[in-house]
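Open the structure in your viewer and keep the selection tool handy. We will hop from stop to stop, and at each one you will hear what to pick next.

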Amino acid sequence: MKKFIIFFTCGIILLLFISACGQEKQPETLTELPTPEQMKEYNEKHGEEERIAYSKQVVTMIAEMSDDEIYSAIEDSFNEWAENQKLLELDSITIDFSNTLRINESHNQKWFKQVAVTAGVYYDPSKIDGNEAELVDKVFEDVTSALQGTTVGQYKIAKIELAFYGPESNGARRNERIMDDLPNGGDFSELYDSVDWQPKGEKRAQTIAYDFAQALNLEEFKDDTLYTQTGEIRMAGLALSRFGIKKETNELYIEMAVYAEKEDQGAFNSSLEGRSRALYDSII
């Protein structure tokens with residue numbers, strides 16, 4: 001934070017004033033990840049500048065965690081819910097994780113929330129007393145609250161998919177509930193861009209792909225492109241939607257979503273192969 005200080009003749013008074021202001025705006029230095037309750041309490045007691053500095057520390061600490069550490073923290077909250085819940089007589093539970101790789105399509109920014117959770121609960125429906133559909137809704141509500149009730153879950157979970165299985169389901173789901181927790185709009189967040197959280201070199205490659213998608217969108221769908229009042233381009237026909245390394249295969253994955261149809265869709269689809277090669281060569 002830059003400070004601009006004007007010196008007056010009454011230097012002693014000014015120095016005291018600066019000292020007092022400095023103490024008031026000094027952000028708390030975090031040594032461990034705060035709970036959501038602690039964050040809420042801090043934000044209620046401090047001004048905007050302090051809240052931003054505090055949030056940046058939280059994001060930085062989470063960004064320094066490995067995927068396994070993040071997954072473990074979320075799994076712990078799921079296990080704790082299963083141990084303490086009284087809604088279902090559970091036979092077993094499962095949980096898996098993946099990275100959505102999703103991009104803010106209106107800006108060259110990857111969402112900080114990237115974790116997709118796929119969880120399963122196994123139970124005997126014959127032991128349910130009441131309406132099973134209503135119970136499923138309540139269980140999903142409680143699981144969602146549990147997973148997002150931690151700081152890691154609050155900042156990192158982008159999607160929760162909860163599947164319900166009977167004792168002889170053979171993999172078939174009796175019920176499922178899904179929650180997508182990414183913003184509907186494409187608002188840009190300076191907070192996440194202020195923290196260097198993406199793998200080394202990824203943002204450079206992502207920028208190449210984003211610019212490529214922007215140019216292709218303007219070339220192929222210029223009549224469908226929307227502009228805001230400030231002249232900012234909003235993707236309408238085509239957008240970079242996912243980008244990053246797939247952990248399972250260690251491959252770079254690039255996905256562009258096409259929202260508008262072309263008159264000659266076949267020719268357009270055929271042209272994408274050569275264009276994809278050009279994008280690949282630009283990144284490599």
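Start by selecting Glu83, which sits in helix H4. This is a predicted model, so please read every stop on the tour with that in mind. Is Glu83 buried or exposed? Glu83 counts as exposed, because its relative accessibility is 66% and anything over 50% falls in that class.

Next, move to helix H2 and select residues 36-45. Pro36, Met39 and Tyr42 are buried here. Look down the axis of H2: the buried residues fall within an arc of 125°, so they line one face of the helix.

For a stop in a strand, pick Met179 in S6, residues 175-180. Met179 is buried, because its relative accessible area is 15% and the cut-off for buried is under 20%. Then select Phe140 as well and draw a distance between the two C-alpha atoms. Met179 and Phe140 are 39 residues apart along the chain, and their C-alpha atoms are separated by 9.3 Å.

Now for the salt bridges, of which the model has 16. Begin with Lys113 and Asp181, whose side chains meet at 2.5 Å, N to O. This pair links distant parts of the chain, 68 residues apart: Lys113 is in the loop between strand S3 (109-110) and strand S4 (115-123), while Asp181 is in the loop between S6 and helix H7 (190-193). Asp181 is partly exposed, with a relative accessible area of 24%.

Select Glu220 and Lys262 next. They form a salt bridge in which the closest N and O atoms are 2.8 Å apart. Here too the pair links distant parts of the chain, with Glu220 in helix H8 (residues 202-221) and Lys262 in the loop between strand S10 (251-258) and helix H9 (265-283), 42 residues apart. Lys262 counts as partly exposed, at 24% relative accessibility.

Asp281 is partly exposed, with a relative accessible area of 47%.

You will find Leu101 in the loop between strand S1 (90-99) and strand S2 (103-104), and it is buried, with a relative accessible area of 4%. Finally, select Asn250 in the loop between strand S9 (238-246) and S10. Asn250 has a positive phi of about 60° although it is not a glycine, and it counts as exposed at 63% relative accessibility.

Methods. Residues are numbered from 1 along each chain as its sequence is written. This is a predicted model: local features need pLDDT of at least 70, side-chain atom pairs count only at pLDDT 80 or more; totals for chains, interfaces and linings use all residues. Side-chain values use heavy atoms; hydrogens and water are left out. Helices (H or I, at least four residues) and strands (E, at least two) are DSSP runs, numbered from the N terminus. Buried means under 20% relative accessible area, exposed over 50%, partly exposed in between (1.4 Å probe, protein chains only). The arc is that of the directions from the helix axis to the C-beta atoms. A salt bridge is a side-chain nitrogen of Lys or Arg within 4 Å of a carboxyl oxygen of Asp or Glu.
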